Amino acid sequence: MTELIAVALITVLAVISPGPDFAMVTRYSYLFGRGTGLTCALGIALGVQIHVFYTMFGVGLLAHHAQPVLQGIKLAGACYLVYMGWKTFFNRAPAGRDLPASPGISAWQALYGGFLTNALNPKTTLFVVSTYTQLVSPGTPLARQFGYGLFMSGAHWLWFSLVAWSVSSPLLRRALLDHQGMVDRCVGAVLMALGGTLAVAQV
């Protein structure tokens, strides 16, 4: 029971802390609408499973002892964040203030964007690896370990779905779109700063 409570508390705290996932869901939700934001949230939840699987099957320990592997993963994630931040920062806001009638990207693009953001997110890598190595004992049944992974994904999906639902509400979305240029620059700057900081740390 203590192990379960610890995993739950750490997961909740990790999910609600600001980071690349939050920035991406926010961007997709105010630009393309609620459906796109919710699909991005689902992609993020699926991305968590990548970290869970490689941690459970020993790749996390391999990366821990082979630092170049872990550093390569982190550097790839950092570069992706810088790239997305650059695109967002220099995104050209539309001239009108009307809410778009249809999403500007496909559901697959939103799902893939959320998935890739989380799968390459060094924050999630460290969160999952540290949680499993520190709190999950060797004697923990495999089914329970899978359960912890599903809980982590579920927590991500619920939180970021709430973010997408809130940001895409008509009043808030219209306000964000009215100031889209400024919002894009803020979100883009945050993503580039996160990516740049992580990249410098690896180099």
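Helices α3 and α8 run roughly antiparallel to each other in this predicted model, because their packing angle of about 155° lies over the 145 degrees from which that description applies. Helix α8 also packs against α2, and it contributes at least two residues to the lining of the largest cavity. Helix α2 has a further partner in α9, whose axis it crosses at roughly 95°.

**Helix α3 against helix α8**

- Helix α3 covers residues 34-56 and helix α8 covers residues 142-167, and the axes of the two are 8 Å apart where they pack at about 155°.
- The residues that make up this contact of α3 with α8 are 17 nonpolar, seven polar and one charged.
- As for handedness, α3 passes α8 in a right-handed crossing.

**Helix α2 against helix α8**

- The axes of α2 and α8 are 8 Å apart, and the angle at which these two helices pack is about 40°.
- On the α2 side the contact is made by Asp-21, Phe-22, Val-25, Thr-26, Ser-29 and Tyr-30, while α8 brings His-156, Trp-159, Phe-160, Val-163, Ala-164 and Val-167 to it.
- Sorted by class, the contact of α2 with α8 comprises eight nonpolar residues, three polar ones and one charged one.
- The crossing of α2 and α8 is right-handed.

**Helix α2 against helix α9**

- Helix α9 spans residues 170-178, and its axis comes within 9 Å of the axis of α2, the two crossing at roughly 95°.
- Since an angle from 65 to 115 degrees counts as roughly perpendicular, α2 and α9 are therefore described as roughly perpendicular to each other.
- Ser-29, Tyr-30, Leu-31 and Phe-32 of α2 meet Arg-173, Leu-176 and Leu-177 of α9 in this contact.
- By class, the contact of α2 with α9 holds five nonpolar residues, one polar residue and one charged residue.
- Ser-29 and Tyr-30 of α2 take part in the contact with α9, and both are also listed in the contact of α2 with α8.

**The cavity**

Technical notes. Residues are numbered from 1 along each chain as its sequence is written. This is a predicted model: local features need pLDDT of at least 70, side-chain atom pairs count only at pLDDT 80 or more; totals for chains, interfaces and linings use all residues. Side-chain values use heavy atoms; hydrogens and water are left out. Axes are lines fitted to C-alpha atoms, for helices over the stretch in contact, and angles run from 0 to 180 degrees between N-to-C directions. Helices (H or I, at least four residues) and strands (E, at least two) are DSSP runs, numbered from the N terminus. Angles under 35 degrees count as roughly parallel, over 145 as roughly antiparallel, 65 to 115 as roughly perpendicular and the rest as oblique. A crossing is left-handed if the near helix is turned anticlockwise from the far one by less than a right angle, and right-handed if clockwise. Ala, Val, Leu, Ile, Met, Phe, Trp, Tyr, Cys and Pro count as nonpolar, Asp, Glu, Lys and Arg as charged, and the others, Gly among them, as polar. Contact means heavy atoms within 4.5 Å.
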